[in-house]
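Me: Got a model I'd like to go through with you. Can you walk me through some of the packing?

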Amino acid sequence: MESARITMQEFQLVYENDSPNLSTKRKKNKGKTGPVGGKVEIIKMNSLEMEIDFIGFHISLVNAIRRIILAEVPTMAIEKVYMYNNTSIVQDEVLAHRLGLVPLKVDPRYFEFRNKVLSSSLKWVPLGNQGFFKEAKMQPLHQDILLAKMNAGHVIELEAYAVKGIGSDHAKFQPGLAWYRLLPEIELTREVEGEQAELLQKCFSPGVIDVVTTPGGKKIAKVNDARNDSCSRNVFEYDSIKDAVKLTRKPEHVIFYVESHSALKSYEILEESVNIMIGKCSLLLAELDNLEGDTAS
C-alpha cells in the first residue's frame with residue numbers, strides 16, 4: 001500500500017492522503033503485544049554530529065526526543081561567580097553571564113542535581129595532584145572563547161562554581177542542538193532537456209539534479225539524490241519548468257540531526273534523551289495502573 005505524501009506546491013503544502021499516525025497503528029495492532037513496526041538508520045555519527053533516519057515512526061515521537069534533548073538532558077555550566085576584583089571595561093554581570101555560557105568539558109553524569117543543602121553536601125576540594133578530578137581534566141570545552149579584552153592595569157579576580165542543570169532552566173545547560181526534517185522526494189513529470197535542464201539543476205541544492213547526456217547527444221535532467229534538497233521551491237519561479245516537477249515529502253521518514261556543544265558526545269545526548277523518555281513512559285504507565293487499581297477497589 002502506498003504511503004501518504006505531502007505535496008509541496010508554490011504557496012502551500014497539500015496532504016494527499018491521511019498521514020500515518022499512532023492512532024491508526026494502534027487500531028491495527030489492537031490486542032497485540034510488542035513494538036509498532038519501524039526502523040532507525042544511522043547515516044552519520046561522530047562525537048560532535050549525528051544524522052539518523054526514523055522510518056515508520058510518528059512525528060510526535062521524534063519531536064519528543066528533540067524537545068527532551070533541548071530541555072531535559074543535563075550538562076554542567078557555571079552558575080555562581082564571586083567577583084573579587086575587576087578593573088576591566090567589562091561589567092561584572094556581563095562577565096559573569098559570559099562565563100555561564102562557556103561549555104565545560106565536564107561529564108554531568110558524575111554529578112547530582114542541587115536539591116536540599118545538608119552537611120553531607122560538604123565536599124573535599126583536591127589540591128595539587130590529589131583526587132580523581134585532576135585526572136578527569138575538568139576545564140572549559142574550548143580554550144579560545146573570548147570573555148573580556150584587557151588593557152594595561154586591568155585585573156580580573158573571581159571564583160566560579162559550576163552546577164548541573166537542564167535546558168528548561170537556562171539555555172546554557174543545553175547539551176547541543178537537535179532538529180529534524182521529512183525526507184524530500186522529487187518526481188519529474190516530463191522530460192526536461194537542454195537549457196531547461198540546466199535551469200532546473202540550478203533551482204535545487206548541489207547534487208540533487210544531474211544533467212546527463214543521452215547516447216543521442218541530448219542533455220536531459222534526472223533526479224540524483226533528493227535527500228539533499230533544501231525544499232526551497234525555487235523551481236516555481238519559472239513558468240517554463242514548474243510543471244515538470246512534483247515535490248513531495250514522506251511523513252513516515254524523518255531525518256533527525258543532533259549536534260553537540262557540550263562534554264557529551266552526540267550519540268550520548270540521544271541516548272540520555274531516550275532514557276529520559278523511557279522514564280517518563282514508565283511513570284505514566286505506573287500512574288495509570290494505580291488509577292485502574294483505585295477505580296477497581
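Reply: When I say contact, I mean heavy atoms within 4.5 Å. This is a predicted model, where local features need pLDDT of at least 70, side-chain atom pairs count only at pLDDT 80 or more, and totals for chains, interfaces and linings use all residues. Residues are numbered from 1 along each chain as its sequence is written, and side-chain values use heavy atoms, with hydrogens and water left out.

Me: OK, what is aspartate 229 in contact with, leaving aside neighbours within four places in sequence?

Reply: Arg181, Pro184, Ile186, Phe204, Ser205 and Val208 are in contact with aspartate 229.

Me: And where does aspartate 229 lie?

Reply: In the loop between β9 (219-223) and β10 (245-260). Strands here are DSSP runs of E, at least two residues, and helices are runs of H or I, at least four, numbered from the N terminus.

Me: Which side chain of opposite charge is nearest to aspartate 229?

Reply: Arginine 249, 7.0 Å away. Aspartate 229 has no salt bridge (a Lys or Arg side-chain nitrogen within 4 Å of an Asp or Glu carboxyl oxygen); Lys and Arg count as positive, Asp and Glu as negative, with His and the chain ends not counted. Yet aspartate 229 is buried, meaning under 20% relative accessible area with a 1.4 Å probe, protein chains only.

Me: Switching topic: how do β3 and β4 pair?

Reply: Antiparallel, over 6 bridges, with β3 at residues 39-45 and β4 at 49-55; pairing takes at least two DSSP bridges. A hairpin of 3 residues joins them, and valine 40 has phenylalanine 54 as its bridge partner in β4.

Me: What does leucine 270 touch, beyond four places in sequence?

Reply: Met50, Ile52, Ile65 and Phe256.

Conventions: Buried < 20%, exposed > 50% of the residue type's maximum accessible area, 1.4 Å probe, protein only.
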